[in-house]
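Welcome! Take a moment to look over the sequence and the 3D view, and then follow the short tour below.

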Amino acid sequence: FDTHLSNDILTSLTACHHLKEFSLQDCFFGADTNDAFKLFFGSLNLTKLAIVPSNARDLTFLIFESITQQSHLEHFEISFHPCPRWSAWVALVEKNVSLKHFILRNGSTLVHYALEKIIP
């Protein structure tokens, strides 16, 4: 997707139960999409997820928290400016023990702190 990600798009994608890979490149996330993201990530079991927003500040803690519902990820890539609470990172990694690729782009120093808690 290369435009504003709407509730309608996310809601319609929840019907794609065989969807295993999802990539969002240069998307605008609206504040109105938090509930749609929660439903989307709660309905699908993705193995690959890449999110690179056009404005990294759009990735709020609520959106990141909905990503932590995933438990079958093998590839996870995310780019953002603010860092969610480190406990959310721990939850994501602990649930996704099959992770083979874990890519963080443009992370802050809090990301390093979170990773130290996950991988001492």
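Two strands count as paired if DSSP finds at least two bridges between them. With that in mind, Leu49 has Phe76 in strand 4 as its bridge partner. Please remember throughout that this is a predicted model.

- Buried here means a relative accessible area under 20%.
- On one pairing, strand 2 (residues 21–29) runs parallel to strand 3, and six bridges join them.
- Within that pairing, Glu21 has Lys48 of strand 3 as its bridge partner.
- Strand 3 is also joined to strand 4 (residues 75–79) by four bridges, and these two strands run parallel as well.

**The nonpolar core**

- In soluble globular proteins, nonpolar side chains tend to be buried together.
- Which residues touch the most other members of the largest nonpolar core? They are Leu49, Ile51, Phe76 and Ile78, in a core of 25 residues.
- Several elements each supply at least two residues of this core: helix 1 (7–13), strand 2, helix 2 (34–43), strand 3, helix 3, strand 4 and helix 4.

**The salt bridge**

- How many salt bridges does the model contain, taking a side-chain nitrogen of Lys or Arg within 4 Å of a carboxyl oxygen of Asp or Glu as the rule? The count comes to one.
- Lys100 and Glu74 form this salt bridge, with their closest N and O atoms 3.8 Å apart.
- The pair links distant parts of the chain, 26 residues apart: Lys100 lies in the loop between helix 4 (86–95) and strand 5 (101–105), while Glu74 lies in the loop between helix 3 (61–67) and strand 4.
- Is Lys100 buried or exposed? Lys100 counts as exposed because its relative accessibility is 63%, and the cut-off for exposed is over 50%.
- Glu74, with a relative accessible area of 32%, is partly exposed.

**A look at Trp86**

- Trp86 is found in helix 4.
- The relative accessible area of Trp86 is 37%, so this residue is partly exposed.
- Trp86 and Glu116 are 30 residues apart along the chain, and their C-alpha atoms are separated by 9.8 Å.

Definitions and conventions. Residues are numbered from 1 along each chain as its sequence is written. This is a predicted model: local features need pLDDT of at least 70, side-chain atom pairs count only at pLDDT 80 or more; totals for chains, interfaces and linings use all residues. Side-chain values use heavy atoms; hydrogens and water are left out. Buried means under 20% relative accessible area, exposed over 50%, partly exposed in between (1.4 Å probe, protein chains only). A nonpolar core is a set of buried Ala, Val, Leu, Ile, Met, Phe, Trp, Tyr and Cys residues joined through side-chain atoms within 4.5 Å.
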